[in-house]
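I opened this model to look up its fold, its nonpolar cores and its surface. My entries are below.

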Amino acid sequence: MKKDIITFELSKGSLIAIGTATLAMGAVSVALKFLTGGDLSSSEMQDIFAMIPLVNIGVLSIFYLVAGCLSLQYMRLLMLFGATRTTAFVRYVIRVAVTMIISLIGLLAVYFISGMISGFQLLSVSTYILSFALSAFLGFSAGCLFSSITTLFKPFISFLVIAAICITSLPGSEVLEVIDEVEAFSLVHSVIIIAVSFILLTLASAIHHLRMSDMKTTSIS
């Protein structure tokens, strides 16, 4: 079976991100144990290990935001092999969805291992999966929109437009803050975040179909 280089690279990157974040938290626990002269209680060590799954969700949120920002480059790559703007966008979204599933497998492995070491779990498995899915989907969708905007303007103008979008969206950010309070998730919160994510993806796709959208404004290198 022919290897899909895009899915492979994205999946490898996400697993490296999970491994790096996990090792970093492990290093922090060892460093704290050393700096306190071994006075760090077992309960405090457990608290650190219990935080690892949540830290990984935060790291992957940033990872998928970056993956969204790279959508233009991967679309151009797919277009070099004959895809249209529509099919290139859809194919990339599908590859990212597959990558999210692979990331989730890695997250769950860390989740259960951390739970066994810490002796307790901060949140249920379903809430953990939901918090990852929503934060990753929202980050990716926002990244795709930002990437598409760069095809409309010169770099400096694109920066100003993206900055303006971020600033004007701040008043409504309270709704999205539930991502940081995973136990507070509700059906309403989830629906709102999913709806916002789909709107951002739709806007990104629509921008790519505008006549003024120039796919050659950024380098693929």
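**Ground rules.** I am working with a predicted model, in which local features need pLDDT of at least 70 and side-chain atom pairs count only at pLDDT 80 or more, while totals for chains, interfaces and linings use all residues. Residues are numbered from 1 along each chain as its sequence is written, and side-chain values use heavy atoms, with hydrogens and water left out.

**Fold.** I found eight helices and zero strands in the protein chain. Both are DSSP runs numbered from the N terminus: helices are H or I of at least four residues, strands E of at least two. The order along the sequence reads α-α-α-α-α-α-α-α.

**Whole-chain figures.** Of the 221 residues, 39% count as buried; buried is under 20% relative accessible area, exposed over 50% and partly exposed in between (1.4 Å probe, protein chains only). I took contact to mean heavy atoms within 4.5 Å. Among contacts between residues at least 6 apart in sequence, 77% join residues at least 24 apart. The accessible surface comes to about 12000 Å², with 75% of that belonging to carbon and sulfur atoms. Areas come from the Shrake-Rupley method with a 1.4 Å probe; for residues, only the protein chains shown count as cover.

**Cores.** A nonpolar core here is a set of buried Ala, Val, Leu, Ile, Met, Phe, Trp, Tyr and Cys residues joined through side-chain atoms within 4.5 Å. The largest has 36 residues, and L60, Y64, Y92, V96, M100, F132 and F140 have the most contacts inside it. Helices 1, 2, 3, 4, 5 and 8 each give two or more residues to this core. Helix 4 gives the most, with ten residues. Another core, of eleven residues, lies apart from it and includes L138, F146, I149 and I162.

I then checked L60. Leaving out residues up to four places away in sequence, L60 touches S14, A17, I18, S103, L107 and F132.

**Helix 3.** Which residues of helix 3 are buried? In this helix (residues 71-80) they are S71, L72, M75 and L78. They lie on the same side of helix 3 because they cover an arc of only 120 degrees around the axis, taken from the directions from the helix axis to the C-beta atoms. An α-helix has 3.6 residues a turn, so residues three or four places apart point the same way. After helix 3 comes G82, with a positive phi near 100 degrees.
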